[in-house]
Amino acid sequence: QAQFVESGGGLVQPGGSLRLSCAASRNILSYYLLGWYRQVPGKQHEFIATITSDGATDYADSVRGRFTISRDNAKNTVLLQMNSLKPEDTAVYYCNYWIGATSWGQGTQVTVSS
């Protein structure tokens, strides 16, 4: 059983918005930090945003001001609101507890294209 299941991706035009969801199989309060990462072919996972159990957030410079990470502890869900999307945001998006994790879920594809 996957620890994290991502959903909400799709095809969107530049300037559009998407809302990604990450459903965790465990109580997300058991994690000090959870985050969103993205990957394109041939490259490592790229840090996008993280949120701690206390609600502190951090963002990559490339998405700051456009993306918002949040969580719903009752639903064991981490969300990523993505606004003002750009073609360079095209990637598979994953959630995990650590960028160095060795196990990743299926991710959800985000394609930004006109």
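## Close-up views of a predicted model

A search through the whole structure turns up one disulfide (a pair of cysteine sulfur atoms within 2.5 Å). Keep in mind that this is a predicted model, where local features need pLDDT of at least 70 and side-chain atom pairs count only at pLDDT 80 or more, while totals for chains, interfaces and linings use all residues. Residues are numbered from 1 along each chain as its sequence is written, and side-chain values use heavy atoms, with hydrogens and water left out.

**View 1. The disulfide of C22 and C95**. Here the sulfur atoms of C22 and C95 sit 1.8 Å apart. The link is right-handed, with 65° about the S-S bond. C22 belongs to strand β3 (residues 18–24) and C95 to strand β9 (residues 91–96), so the pair ties together parts that are 73 residues apart in sequence. (Strands are DSSP runs of E, at least two residues, numbered from the N terminus.) Is C22 buried or exposed? C22 counts as buried, at 1% relative accessibility, and C95 is buried too, at 3%. Buried means under 20% relative accessible area, exposed over 50%, and partly exposed in between, using a 1.4 Å probe and protein chains only.

**View 2. An open sheet of four strands**. The order is β1-β3-β8-β7, and the pairing is antiparallel; two strands pair if DSSP finds at least two bridges between them. Which strands stand at the edges? They are β1 (4–7) and β7, each with a single partner strand, so one side of each has no neighbour in the sheet. On average, neighbouring strands of this sheet are turned by 15° against each other, direction ignored (axes are lines fitted to C-alpha atoms, and angles run from 0 to 180 degrees between N-to-C directions). Zoom in on β1 and β3, and you find four bridges joining them. One of the residues to look for is S7, whose bridge partner in β3 is S21.

View 3. With 41% relative accessibility, S84 counts as partly exposed.

**View 4. S62 and its contacts**. S62 is in the loop between β6 (57–59) and β7, and it is partly exposed at 35% relative accessibility. Which residues does S62 touch, not counting residues up to four places away in sequence? They are R38 and E46, where contact means heavy atoms within 4.5 Å. S62 and D89 are 27 residues apart in sequence, and their C-alpha atoms are 9.1 Å apart in space.
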